[in-house]
Amino acid sequence: MRSIQEQGDLKIEQIVEEAVAPLKEKIHDLEQSVSQKYPPVKFLSEKDRKRILITGGAGFVGSHLTDKLMMDGHEVTVVDNFFTGRKRNVEHWIGHENFELINHDVVEPLYIEVDQIYHLASPASPPNYMYNPIKTLKTNTIGTLNMLGLAKRVGARLLLASTSEIYGDPEVHPQSEDYWGHVNPIGPRACYDEGKRVAETMCYAYMKQEGVEVRVARIFNTFGSRMHMNDGRVVSNFILQALQGEPLTVRMTRVCLLCSDLVNGLVLLMNSNISSPVNLGNPEEHTILEFARLIKSLVVSHSQIQFLAEAQDDPQRRRPDIRKAKMLLGWEPVVPLEEGLNKTIQYFSRELEHQANNQYIPKPKAARMKKGRPRHN
Ligand SMILES: NC(=O)c1ccc[n+]([C@@H]2O[C@H](COP(=O)([O-])OP(=O)(O)OC[C@H]3O[C@@H](n4cnc5c(N)ncnc54)[C@H](O)[C@@H]3O)[C@@H](O)[C@H]2O)c1
């Protein structure tokens with residue numbers, strides 16, 4: 001016969017077991033989902049595995065680059081201040097043993113051991129880089145100096161994500177890497193254009209004076225999933241407008257490259273021995289009207305097409321000469337435009353649905369100068 005004390009203990013044990021059982025089940029489910037949640041990652045031996053820093057890695061291009069380098073089996077550290085980037089873009093890697101996410105502003109120095117640095121940190125679309133021009137300048141100048149200083153200290157190779165904007169409103173077509181550009185140094189786009197131009201200058205000063213290995217990619221307009229919904233760029237504007245049945249507002253001509261093609265070009269360039277600047281873009285030229293019509297038909301939208309006044313200093317035409325990338329890297333865009341647009345349209349539809357649930361549907365905004373005190377400095 002059990003004592004009252006023993007019977008009481010047994011009852012407590014039973015209650016505890018009953019309470020713990022569902023928790024055990026949840027832990028088991030969580031363990032299962034954690035071990036299965038990452039995209040497949042190649043195994044690389046210690047000798048081939050690199051420690052790679054991506055500044056701006058939570059942004060549009062940076063997050064796709066993160067995916068590629070992670071899946072290739074490298075150790076990736078993403079540094080981002082989340083000005084235009086989002087944790088959501090890289091959340092699928094959080095917790096992976098090869099991945100680290102650091103909330104850091106590149107304007108502040110960073111001490112970390114790496115073999116390669118992809119330096120992408122900078123707002124890239126006009127409304128974002130014009131939002132706080134001084135901060136854009138600091139990011140591209142002090143931020144680049146900090147990353148070059150880091151590259152020098154740890155002996156890492158640095159790839160700068162430069163831009164076709166360094167050609168300004170070009171007087172020659174297409175633009176090859178030896179064209180010096182036509183930039184208004186005091187216009188509204190100068191914080192970005194001149195910021196990137198001086199960032200290139202800094203790279204070559206560090207290369208010549210300190211022996212730092214540098215790579216410079218001059219990137220032309222790129223599109224794809226994880227683009228910002230309201231960044232005012234051609235493809236995102238048109239897709240959003242078409243999906244929401246609003247007029248497609250047409251301004252200038254642009255050529256566009258799909259992000260997966262760009263990411264392949266960046267990795268090829270980083271691992272090449274070409275230290276001079278290389279254009280990465282799609283030389284296939286479409287008028288903006290052709291673009292608007294194509295997106296309208298892919299979305300099956302009844303939106304009207306409206307013509308707007310030009311923005312100040314907005315280049316009329318820009319088209320890359322990619323002979324250098326073709327010859328020296330064996331690189332050229334391979335994804336057909338329609339295929340890339342269809343994928344991007346699907347992404348934007350999902351985003352609209354997601355945001356509608358939060359009762360927030362962003363509308364494309366025209367670039368504007370911010371008044372008053374900057375929030376982001
Ligand atoms: N997307 C394009 O069409 C294009 C064209 C030419 C050049 N580029 C260059 O490629 C790079 C990436 O562009 P994107 O389109 O992915 O832009 P994006 O705005 O999506 O990404 C930039 C990232 O940098 C981060 N960032 C900005 N300032 C920072 C700072 N001070 N410290 C740390 N992180 C900071 C942002 O939060 C964001 O995650 C940029 O350098 C841009 O100039 C892009």
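Predicted model: local features only at pLDDT ≥ 70, side-chain atom pairs only at ≥ 80, totals over all residues.
Trainee: How many helices and strands does the protein chain have, and what percentage of the contacts between residues at least 6 apart in sequence join residues at least 24 apart?

Mentor: The secondary structure comprises 10 helices and 11 strands, and among the contacts between residues at least 6 apart in sequence, 81% join residues at least 24 apart.

Trainee: Which residues form the negative surface patch?

Mentor: A patch takes in residues with over 30% relative accessible area and no salt bridge, and like charges are joined within 9 Å. Here the negative patch is formed by Glu6, Asp9, Glu13, Glu17 and Glu18; of these, Glu17 lies in helix α1, which spans residues 4–36.

Trainee: Is Glu17 buried or exposed?

Mentor: Exposed means over 50% relative accessible area, and Glu17, with a value of 56%, is therefore counted as exposed.

Trainee: Which residues make the nonpolar surface patch, and why can Val20 belong to such a patch?

Mentor: Ile12, Val16 and Val20 make a nonpolar surface patch of about 240 Å², and the place of Val20 is in helix α1. Because a patch residue needs over 30% relative accessible area, Val20 can take part while being partly exposed, with a relative accessible area of 32%.

How values were computed: Residues numbered from 1 in each chain as written. Heavy atoms only, no water. Patch = residues over 30% accessible without salt bridge, like charges linked within 9 Å, V, L, I, M, F, W, Y side chains within 5 Å. Areas by Shrake-Rupley, 256 points an atom, 1.4 Å probe, with all protein chains shown as cover. Salt bridge = Lys/Arg side-chain N within 4 Å of Asp/Glu carboxyl O. Lys, Arg positive; Asp, Glu negative; His and termini not counted. Charge placed at Lys NZ, Arg CZ, Asp CG, Glu CD. Helix = DSSP H or I, 4+ residues; strand = E, 2+ residues; numbered from the N terminus. Buried < 20%, exposed > 50% of the residue type's maximum accessible area, 1.4 Å probe, protein only. Contact = heavy atoms within 4.5 Å.
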